[in-house]
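Reader: I have this assembly open on my screen and would like to walk through it with you. Could we take it one question at a time?

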Amino acid sequence: MIEELRKKAEELLKNDTVKVVFGYGEGSVPERTRPVFITKPEDVNKLTWNKYCVYNLTTYLKRQETRKLGKPAIIVKGCDARTIIVLLKECQIKREDVYILGVTCDGVGDPLATKCESCDVHTPRIYDDLVGEKKENKEVPFEERYAELDEYEKLGEKEKWEFWQKQFSKCIKCYACSNMCPLCFCDRCIVEKNQPQWIDSSAHARGNLSWNVTRAYHLAGRCINCEECQRVCPVDIPLNLLNKKLAKEAEKNFDYRPGYSVDDELAMSTYKEEDSQEFFK
Amino acid sequence: MDNIYRPYLMTISDMTDEAPGVRTFRLNFSDEEEGKNFKFQTGQFGLYSVFGAGESTFCIASSPTREDYIECTFREAGRVTKALRELNVGDTIGFRGPYGNVFPIDKWEGKNLVFVAGGIALPPLRSVIWNCLDLRDKYKDVTIIYGAKTVDDLVYKNELKEWEARDDINLVTTVDPGGETPEWTGKVGFVPTVVEEAAPDSNDTIAIVCGPPIMIKFTLPVLEKLGFKHDKVYTTLENRMKCGLGKCGRCNIGCTYVCKEGPVFTAEEISKMPDEF
Amino acid sequence: MSKKIGVFVCHCGTNISATVDVEKVAEEAKKNNPGVSYTTTYKYMCSDPGQKLLRDKIKEEGLDGVVVAACSPKMHEHTFRNASKKAGMNPYHVEISNLREQCSWVHPDKPTGTEKSVDLVRMMTEKTRKDKSLNPIKVPVTRKALVIGGGIAGIQAALDIADAGHEVIMVEREPSIGGHMAQLSETFPTLDCSQCIMTPKMVELAQHENIKLYTWSEIESVDGYIGNFDIKIRMKARSVDLDLCTGCSSCWQVCPCKKIKSEFDMELGNRTAIYVPFPQAIPSKPVIDRENCILMKDARKRNIKPNDSKVCRKCLDSCPIAPVKAIDYNQVDEIVSEKVGAIIVATGYKELDDTSMYGEYGAGKYKDVITGLQFERLASASGPTEGEIQRPSDGKVPEIIVFIQCVGSRDPAKGCSYCSKTCCMYTAKHTMLYKHKVHDGHAFVFYIDIRCAGKDYEEFSMRAIEEEGATYLRGRVSRIYKKGEKLVVLGADTLTGSVVEIEADMVVLASAMKAQDDAEKFAQKLSIQYNKDKFLSEIHPKLKPVESSSAGIFLAGACQGPKDIPETVAQAGAAASKVLALLSADELEREPVVAKVDRLPAPIFSTCIGCFYCQRVCPYGAIEEEDIKARDGSTIKTVAKVNVGLCQGCGLCAATCRSKSVELAGFNDEQVFAEINSVEFN
Amino acid sequence: MEKLLNKNKFDTLIAGLKKQGYKTVAPKKDNRLVTLEEVQDASEISLDHVITNNSIKEFFFPKTEKILSYTLDKNKVEMEEPKGFAVKSVIFGTRPCDAFSLPVMDKVFNWDCSDKFWVERREAITIVTISCDKSDSYCFCTSVGLAPDAKQGSDVLLTKISNDEYLVETVTEKGENLVKEMESVFSDPPGTPDRQVATVEEKFDLKKIKPWLDDNFEHDVWDEFSNKCIGCGACTFVCPTCHCFDIVDECTMTKGDRVKNWDGCQFTMFTMHTSGHNPRSTQGMRWRQRIMHKFKYYVEKFDSTLCVGCGRCSRVCPADMNISEMLELIETEAGK
Amino acid sequence: MSKAEAKPENQFEPKIIAFLCNWCTYAGADLAGTGRKEYQANVRIIKLPCTGGIDPLFLIKAFERGADGILVSGCHPGDCHYNSGNYHARRRWNVFRPLLEFCGINPDRIQFSWISAAEGGKWVETINGIVDAVRELGPFESYQKLNTIGPETTGEATAASGETG
């Protein structure tokens with residue numbers, strides 16, 4: 001598969017379809033990979049593919065530094081491809097400006113990443129070319145997909161509060177979560193705005209709660225569960241639990257899952273008259 | 001141990017609107033004792049703070065020869081300057097300083113002085129201009145070339161009139177083409193061009209230049225052409241600062257901390273710095 | 001950016017001062033609220049001297065912000081803003097603390113009310129500190145109006161506007177203007193002939209030099225905003241050239257399809273396939289009914305152009321116009337564009353005809369159970385019976401006739417919950433018309449209540465009972481069934497508590513007035529609101545009764561709710577006068593409460609990242625895309641931009657924007673933040 | 001002074017310190033993290049890690065701290081000095097690299113004028129370091145002139161000499177006093193202790209770095225190496241020597257705090273002027289700043305490398321940017 | 001500014017911030033006033049044109065500033081002055097409320113309602129309802145404690161350790 005990837009990349013660069021290939025390269029230690037940006041056909045051997053390719057490379061579609069490299073071919077797993085769909089819908093990329101090199105995937109991470117446990121996109125839903133044997137995207141039941149939340153939802157109000165306060169108290173406001181997130185693409189994040197300062201920039205309890213809640217809320221109906229925020233958090237806050245909770249609510253209430261179709265209406269920019277309002281008085 | 005981040009409390013005793021969005025505050029120490037002990041030299045800056053909004057860096061725009069008060073001139077831009085605009089005479093602000101190095105006016109004694117300023121960059125020069133004017137005998141010819149985008153944008157309009165009226169100062173004012181009014185009697189043109197036209201004698205002359213980067217970029221070659229040596233041209237730099245004390249780590253240009261080794265530099269010093277400002 | 005704020009606390013007589021210590025409120029504001037440099041209290045701030053006080057103090061004290069602590073901003077915000085404007089202060093630096101409705105009237109305990117008042121004033125002084133000067137938005141006005149619907153409402157409105165010297169475009173989807181009023185026989189309470197008063201108006205409209213009439217046409221789309229609407233009108237293929245046709249009638253006389261139910265006659269009479277709906281139609285030029293014309297049917301079946309079918313060309317052949325005939329079988333729908341500054345919607349109503357809902361009355365099943373409008377056609381001199389009351393089944397003059405009121409109306413279970421308002425009166429009228437024409441006949445009326453509120457209305461209905469001898473029975477009819485030639489009406493007389501059984505010759509149902517079938521779709525096309533019954537909504541039931549929820553679009557007639565003719569005409573006049581006010585100048589001023597996407601100097605340009613969520617949520621399509629261009633013409637980024645003409649200031653975009661790059665003037669982030677921040681809860 | 005400390009005495013030591021009024025801080029394991037934080041007793045202490053996830057920095061220079069409080073009246077401002085920020089503590093079990101970061105940072109916080117928030121905490125806190133008995137591939141202390149058992153910055157250094165025993169060496173007077181205070185828990189050291197110290201491979205030659213940096217402010221490596229950087233602040237925040245900060249005001253209508261927060265040179269906004277002009281407008285420039293600051297500017301100003309080779313930045317980097325790799329690359333470039 | 005002094009006993013008086021739309025609920029509150037309907041004085045109203053214009057950040061900030069409870073109220077579905085603002089708002093709250101609940105914030109502290117301009121009575125009931133409900137819950141101490149920046153803010157959980165403010 002690695003060979004196939006390299007061959008495809010080489011071809012794309014040689015025939016000038018793209019200027020750069022965003023892919024995975026060997027990491028600093030065997031159990032890591034790292035993003036590589038191949039601009040010369042002779043460098044394609046730097047590309048690799050293994051179970052440590054957890055990154056969602058689509059985040060480099062938003063970065064000024066990597067955008068400058070020219071039209072990219074981007075290697076995406078099924079989950080990453082969902083990001084592409086959201087980015088297309090949110091006008092962040094144009095379809096013709098990205099060459100999508102899909103890879104089929106049985107799961108990444110060691111141990112297997114949580115996101116892979118309930119994967120229903122082993123084969124990307126959008127691609128220009130596919131590497132690897134096409135795999136069936138079997139529907140995973142709702143309950144199973146959100147099973148991870150059960151133990152937290154079961155907690156009492158006080159326990160929940162204490163759990164999250166403990167987690168948030170670790171936050172150092174390094175913003176790795178939002179910088180890594182391919183869907184946190186604002187030029188100027190709300191937390192960087194100080195007129196007014198809605199979210200305190202300090203990493204104290206108050207500032208950390210509003211930051212983490214807002215970050216998650218801003219992904220409501222958009223997050224495609226790549227878990228990158230959680231992976232990169234240097235203080236190990238289970239951020240994806242919040243994202244997942246919101247994804248669950250969006251799916252439950254609006255029957256919406258982002259990144260599955262380019263044609264649907266984004267959950268948070270539309271409504272239905274019959275939307276739930278059970279808690280409204 | 002003293003808290004180096006603790007500001008002086010200052011009372012706004014007067015304010016003047018200079019140009020659209022530009023205002024000058026005259027500040028007196030709320031604690032008279034502190035005021036008496038306070039000393040600064042021209043070229044230095046401080047951190048002015050609105051309690052609740054934060055701190056912002058700008059120069060001290062008044063001359064050290066005028067004691068009892070300091071003045072600052074700011075343009076409304078960010079959170080702090082907006083909050084400053086909301087204040088009234090009598091309100092209290094914080095001030096930390098003076099920080100940074102100074103214009104070596106002693107070294108300039110007996111020389112001609114040429115001041116070149118553009119737009120909102122007159123305030124740092126105003127301090128040194130007044131300082132030299134208050135010691136007028138020590139210097140030979142004084143030329144001031146000042147330009148702004150429009151007539152309205154010229155700051156210190158009253159002082160410009162005062163300087164114009166004096167015969168021991170050669171004042172040249174200019175506005176960018178299109179920025180003139182029917183009543184405008186000054187020049188029309190960009191500062192570098194006007195400097196070239198005015199062609200101040202570079203012999204035994206110190207030039208002090210301050211303005212937006214684009215103006216400096218085009219003025220320095222003109223001065224060079226006029227025969228000014230790099231070590232005779234001074235300027236003052238602005239960079240984003242938080243502490244003013246060489247600790248917070250953001251104002252450096254290469255190895256140079258603008259807050260401590262600056263803000264006053266000669267063109268020679270600047271030419272040795274990496275292009276990071 | 002305010003710095004000197006004046007706080008004016010109103011006593012409102014004793015409405016506020018009785019339960020709020022107004023002096024203390026003023027004192028606290030002066031003592032504690034940053035920026036407050038002047039405070040006072042006054043008996044009635046809204047009075048002339050009160051306003052003068054405000055004006056004087058603004059000048060004397062050099063105020064650049066004002067908080068009036070008084071009644072609801074809905075009452076006098078406008079008043080105080082105006083007063084401030086007169087004093088030379090930007091009116092958007094005025095905020096109102098609502099002490100009366102939110103404190104003094106609802107919290108009788110004085111310390112409690114006072115304390116809350118102090119808070120409310122602080123919230124507003126803080127907001128005022130962040131107020132920005134706003135200037136009314138000037139929008140150019142196309143001094144032309146569009147009237148949609150050519151019933152009496154539309155006609156009245158169009159004439160009023162045209163008479164005042166402005167151009168009017170009228171669009172009517174039927175072949176002729178006239179609407180329901182043209183169908184009526186006589187009108188209550190004066191019993192004057194409907195057509196006699198209607199026809200001259202129709203003619204006047206048709207001949208008016210300022211009115212351009214589109215009949216057999218529908219609104220395709222409405223874009224733009226107040227003062228600047230872009231209208232697309234679909235001129236449905238009429239198959240007749242209106243310019244050439246003289247309306248000589250030869251074509252419809254020769255048309256072989258003669259058994260088509262006439263819509264105008266409520267299907268009681270017939271018409272031809274090429275037809276004018278009624279003799280006095282305007283324009284009195286025919287249209288070919290493409291559904292029923294045999295030539296058209298043939299062409300459709302064979303999928304050929306109509307003109308290529310030779311099945312029947314009688315109308316064409318009969319047309320005396322030469323050399324080019326006035327009939328053009330191949331005519332197609334045409335879309336025309338018009339620009340107007342204001343729109344009056346006068347699309348009228350539809351009579352409830354969903355007879356299946358009232359199966360027990362046999363409507364639709366029994367020919368002699370007819371609706372109110374059908375009775376109008378029977379009674380009309382121009383109707384199918386030329387004014388003779390004859391029952392549809394056999395043409396017999398009914399000796400006993402039963403009128404049933406509230407069919408559909410006031411019946412939430414089956415029909416509409418509302419009262420159709422006109423039925424009580426027209427039923428009374430019907431009994432009279434009947435009695436006038438069938439002197440020995442007997443009219444029974446089943447009613448629930450008789451609602452005759454209106455000038456001379458009560459007298460009119462009493463006349464029906466007392467003078468014309470109609471028998472009014474209070475109660476509902478449970479069933480109508482056929483017994484030989486008779487219709488047995490089973491009902492209850494709730495006043496006597498007895499069951500009533502009447503063997504009638506004919507039954508007239510006073511059917512409800514309903515919204516047009518396509519009202520909902522139509523309203524969405526115009527972005528205006530409608531209620532649960534699909535009647536179009538006015539913006540305020542009392543104070544803005546003819547304004548729709550979209551600026552520049554006004555409502556007239558029964559499209560807004562059931563109405564009779566006098567009310568319709570009055571509303572049409574009101575709508576016309578609103579339009580005239582709007583068209584009276586080349587520009588109009590709009591409240592500057594609109595959204596704005598930030599713009600910054602290069603290299604940032606805007607913090608908008610162009611995800612266009614705002615565009616998706618905007619109910620008014622007011623968000624546009626703007627390309628930020630580099631000097632070389634290449635696009636640096638595409639960001640959102642608000643069209644201030646379309647924006648109505650709801651703030652949806654601002655709350656949707658994740659990076660807070662959009663804000664709503666008058667309710668911007670700094671202002672809301674200041675308000676929240678000022679609720680000092682410590 | 002040299003002593004011996006048996007692991008089974010940790011309990012007595014911590015209890016004793018607490019009794020003496022010390023706040024005790026030590027590495028503590030929680031899920032996947034080992035962090036230095038307050039412990040109540042020795043059972044909480046983790047010893048089998050390479051290095052704690054958080055650095056010692058936050059005990060002297062917290063991620064957020066009040067530097068001034070004030071109350072606001074309509075016409076009056078009253079300032080209040082923060083108090084109680086320096087708490088008498090012992091940090092037990094930190095690593096030599098972390099300990100060394102303190103004297104390095106002393107320089108900047110005392111340059112010209114002293115930051116009392118740093119200085120007073122430095123006075124109040126005693127550092128008891130445990131030499132590294134293991135390392136991982138991210139460690140490179142030996143490349144920046146340190147060692148897994150380096151003493152600089154520690155008050156007391158513990159080095160494992162058997163499974164249960166540590167050699168105790170006092171480094172400073174403060175350390176000596178602490179050992180004296182707790183005398184009963186220590187015993188005499190063996191004559192020739194078998195120091196169990198990790199080996200850390202030397203990855204690059206520090207001497208070659210600065211000369212290259214002096215000449216290569218403009219160079220392609222800055223962009224090439226950093227194009228995968230996502231611009232977060234993880235590296236700077238976990239770094240024991242990164243000391244950039246921001247000062248912000250946080251207030252309600254009546255009272256507020258002026259707060260000093262960690263800030264990082266990798267953030268776009270770090271140097272951006274209000275006008276939008278940014279002297280370090282690309283990630284390459286910002287990455288260059290980080291390397292330059294650590295290996296050139298600080299060296300020139302304070303005669304000390306602003307890096308202790310702990311490798312934390314490389315461990316946490318979301319994009320697997322490895323600082324020692326960068327320095328190896330520079331060494332290679334320098335050799336060309 | 002103690003709210004307790006007017007009360008006979010030391011009853012806890014919750015502080016409620018209400019975010020209201022201009023057209024329906026604000027007018028409904030006005031109507032309650034016009035009708036002289038007495039209700040509890042714990043609410044402070046912030047008026048916006050439409051519930052669709054209420055950003056969840058407003059709610060967070062309100063809690064930060066010490067609100068014990070929050071009410072968000074606007075036009076009934078279908079009645080929005082801006083056609084669809086309240087529908088969009090409803091979607092927002094449909095995800096935001098569970099998020100806060102997930103983080104351990106009692107959902108009863110944030111209430112949502114539809115109150116029309118005609119429902120002065122409902123306004124009164126709603127306010128009395130939320131005031132009573134929040135009074136029952138007690139002060140929102142856990143959130144208000146977050147405002148305490150300890151003298152020594154370190155990596156430790158300042159808030160979770162339950163220091164008092």
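Reader: At what distance do the axes of helix α6 and helix α15 of chain C pack?

Author: Happy to start there, with the reminder that this is a predicted model. Two packed helices are described by the angle between their axes and the distance between the axes. For α6 (residues 152-163) and α15 (residues 565-583) of chain C the angle is about 35°. Their axes are 8 Å apart.

Reader: Which hand does the crossing of α6(C) and α15(C) have, and which class of residue leads in the contact, with eleven members?

Author: The crossing of α6(C) past α15(C) is right-handed. On the α6(C) side, the contact includes Ile152(C), Ala153(C) and Ile161(C), while α15(C) brings, among others, Ile565(C), Val569(C) and Leu580(C). By class there are four polar residues and one charged residue, and the eleven others are nonpolar.

Reader: How many charged residues does the contact of α1(C) with α5(C) have?

Author: In this right-handed crossing, α1(C) uses Lys24(C), Val25(C), Glu28(C) and Ala29(C). Facing them from α5(C) are Thr114(C), Ser117(C), Val118(C), Val121(C) and Thr125(C). Sorted by class, the contact has four nonpolar and three polar residues, and the number of charged ones is two.

Reader: Which hand does the crossing of α12(C) and α13(C) have?

Author: Helix α12 (residues 423-437) and helix α13 (residues 457-466) of chain C have axes that come within 9 Å and cross at roughly 40°. That angle makes α12(C) oblique to α13(C). The crossing of the two is left-handed.

Reader: Which residues of α13(C) meet α12(C)?

Author: From α12(C) come Cys424(C), Met425(C), Ala428(C), Thr431(C) and Met432(C). The contact has seven nonpolar and two polar residues, with no charged ones. On the α13(C) side, the residues are Tyr457(C), Phe460(C), Ser461(C) and Ala464(C).

Reader: Stepping back, what percentage of the residues of chain C count as buried?

Author: Chain C holds 18 helices and 36 strands, and its C-alpha atoms fill a box of roughly 90 × 75 × 40 Å along the principal axes. Of its contacts with a separation of 6 or more, 68% are between residues 24 or more positions apart. Among the 682 residues of chain C, the buried share is 55%.

Reader: Why is chain D said to be as compact as a globular protein of its length?

Author: Chain D has ten helices and eleven strands. The globule rule gives 20 Å for its 336 residues, and chain D is as compact as a globular protein of that length because its radius of gyration is close to that value, at 21 Å.

Reader: What share of the contacts in chain D join residues at least 24 apart?

Author: The C-alpha trace of chain D spans about 65 × 65 × 40 Å along its principal axes, and 57% of the residues of chain D are buried. Counting contacts between residues at least 6 apart in sequence, the share that joins residues at least 24 apart is 71%.

Reader: Which element gives the most to the side of chain E that touches chain C?

Author: Nine pairs of chains touch, and chains C and E have the most contacts among them. There, 39 residues of chain E are in contact with 40 residues of chain C. On the chain E side, α1 (25-34), β2 (43-48), α2 (56-64) and α3 (85-102) each supply at least two residues. The most, six residues, comes from α1(E).

Reader: And which element gives the largest share of the side of chain A that touches chain E?

Author: Here 38 residues of chain A are in contact with 37 residues of chain E. The chain A side divides into 17 nonpolar, nine polar and twelve charged residues. Elements that give two or more residues are α7 (157-169), α9 (205-217) and α11 (239-254) of chain A. The largest share, nine residues, belongs to α7(A).

Reader: How far apart are the nearest C-alpha atoms of chain B and chain E?

Author: These two chains do not touch. The distance between their nearest C-alpha atoms is 14 Å.

Key
Residues numbered from 1 in each chain as written. Chains lettered and ligands numbered in written order. Predicted model: local features only at pLDDT ≥ 70, side-chain atom pairs only at ≥ 80, totals over all residues. Helix = DSSP H or I, 4+ residues; strand = E, 2+ residues; numbered from the N terminus. Rg over C-alpha atoms; globule rule 2.2 N^0.38 Å. Buried ≥ 20, exposed ≤ 12 C-beta atoms within 10 Å, placed from the backbone. Contact = placed C-beta atoms within 7 Å. Axes fitted to C-alpha atoms, helices over the stretch in contact; angles between N-to-C directions. Parallel < 35°, antiparallel > 145°, perpendicular 65-115°, else oblique. Left-handed = near helix turned anticlockwise from the far one by under 90°. Nonpolar A, V, L, I, M, F, W, Y, C, P; charged D, E, K, R; others polar.
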